Amino acid sequence: MTAYETETETDGHGSHGSHEGHGHGHSHGHGHSHGDHDIDWAEMAPVLEQNAEVTAPVYRQAAAWLRELRAAGAEPSLVVDAGSGPGVVSCLLAEAFPQAEVVAADPERALLDRAEARAARLGLGGRVRAHRAELPDGLGELPPADLIWAARSVHHVGDQVAALTALGERLAPGGALAVLEGGLPPRSLPRDIGMGRPGLQARLDAANEQWFTRMRASLPGAAEVTEDWAALLGAAGLRHVATRTFLLDLPAPLDERARAHAISTFERYRDLAAAEGPEELAADDVAVLNRLLDPDDPQGLHRRRDMFLLVAHTVHVAVKEG
């Protein structure tokens, strides 16, 4: 039995399209294989950081859980946040594992600059360092890690088993890979919002799933697999030991940071609808989206008091035998 041994819990599926993760959302993923060259990361970084801060309670819970799983083993000396974005979770991992060096690894210098500044501001500059690298191959420049955290980065690689295998190869014997994939998509509005047809968010989810499927199919070396993450981790040569889902539950009325986070998600839905055309989302739903995003509309997202934020994030943990 390793330090990460525990009983497996079940989880749901979804959350392909939000900016919930601390790294990059699906419209601007890791690896520059599908359009990242058009992103102004210096401009995007504060938005990503704010979104991650809103979701920080979930990542704090996940980091504490990883520490509990590790309780029977030695304190990790090296933790890698693979796809760190602006470093919010990198710093949370440093707080959860106070004896560890934490490497914030990301391809984007603008995001790593934010990570370094955040670590310095929190007094963690001596233990959190930035490493610019394409993922997962660029992690080969680092020493073997005791823990690698990968939040919604694996699904941006065409061959997900190959990506998991590459991450596993960067683990020290007995080290653990924690992969955040799946869960449930975010909810911020009631079923009937007083305009348009009821059930708008369910239709947005369906459109987003279609987009995600096309995104996956367009990746170099894309391989269709059943998204059984325990089995995928096993196929990568690792032993799956735990899965747990964490809930972010922010009731109405939202504070301004959480409201801005939810609005950015709906803006991304509208951007996708505009890019994909009417076959993905009906014209009346697009009209409702436009109203929701109008700051002057009394029923819009900027003014509604019934907005909440509810989303589930699922983390799968596997270890490298040795």
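What pLDDT does the chain average, and what percentage of the residues score at least 70? After that, please describe how helix H1 and helix H8 pack.

Modeller: This is a predicted model, in which local features need pLDDT of at least 70 and side-chain atom pairs count only at pLDDT 80 or more, while totals for chains, interfaces and linings use all residues. Residues are numbered from 1 along each chain as its sequence is written, and side-chain values use heavy atoms, with hydrogens and water left out.

The chain averages a pLDDT (the predictor's confidence in each residue, from 0 to 100) of 87, and 87% of the residues score at least 70. Over residues 1-37, however, pLDDT stays under 50, although the model has 143 contacts (heavy atoms within 4.5 Å) beyond four places in sequence for this stretch. The chain has 322 residues, of which 54% count as buried, that is, under 20% relative accessible area with a 1.4 Å probe and protein chains only. Its secondary structure comes to nine helices and seven strands, taken as DSSP runs (H or I, at least four residues, for helices; E, at least two, for strands) numbered from the N terminus. Among contacts between residues at least 6 apart in sequence, 80% join residues at least 24 apart.

The part you asked about joins H1 (residues 41-54) and H8 (residues 256-276), whose axes lie 9 Å apart at an angle of about 115 degrees; axes are lines fitted to C-alpha atoms over the stretch in contact, and angles run from 0 to 180 degrees between N-to-C directions. The crossing of H1 and H8 is left-handed, which describes a near helix turned anticlockwise from the far one by less than a right angle. H1 contributes Gln50, Asn51, Glu53 and Val54 to the contact, and H8 contributes Arg257, Ala258, Ala260, His261 and Ser264. By residue class, this contact holds three nonpolar, four polar and two charged residues.

In the loop between strand E6 (239-250) and H8 sits Pro253, which is joined to Ala252 by a cis peptide bond with omega about -5 degrees. Another cis peptide bond runs from Leu135 to Pro136, with omega near 0 degrees, and Pro136 belongs to the loop between strand E3 (128-132) and strand E4 (145-151). The loop between E4 and helix H5 (160-169) holds Arg152, a residue other than glycine whose phi is positive, near 50 degrees. Arg152 counts as buried, at 3% relative accessibility.

Terms used
Nonpolar A, V, L, I, M, F, W, Y, C, P; charged D, E, K, R; others polar. Buried < 20%, exposed > 50% of the residue type's maximum accessible area, 1.4 Å probe, protein only.
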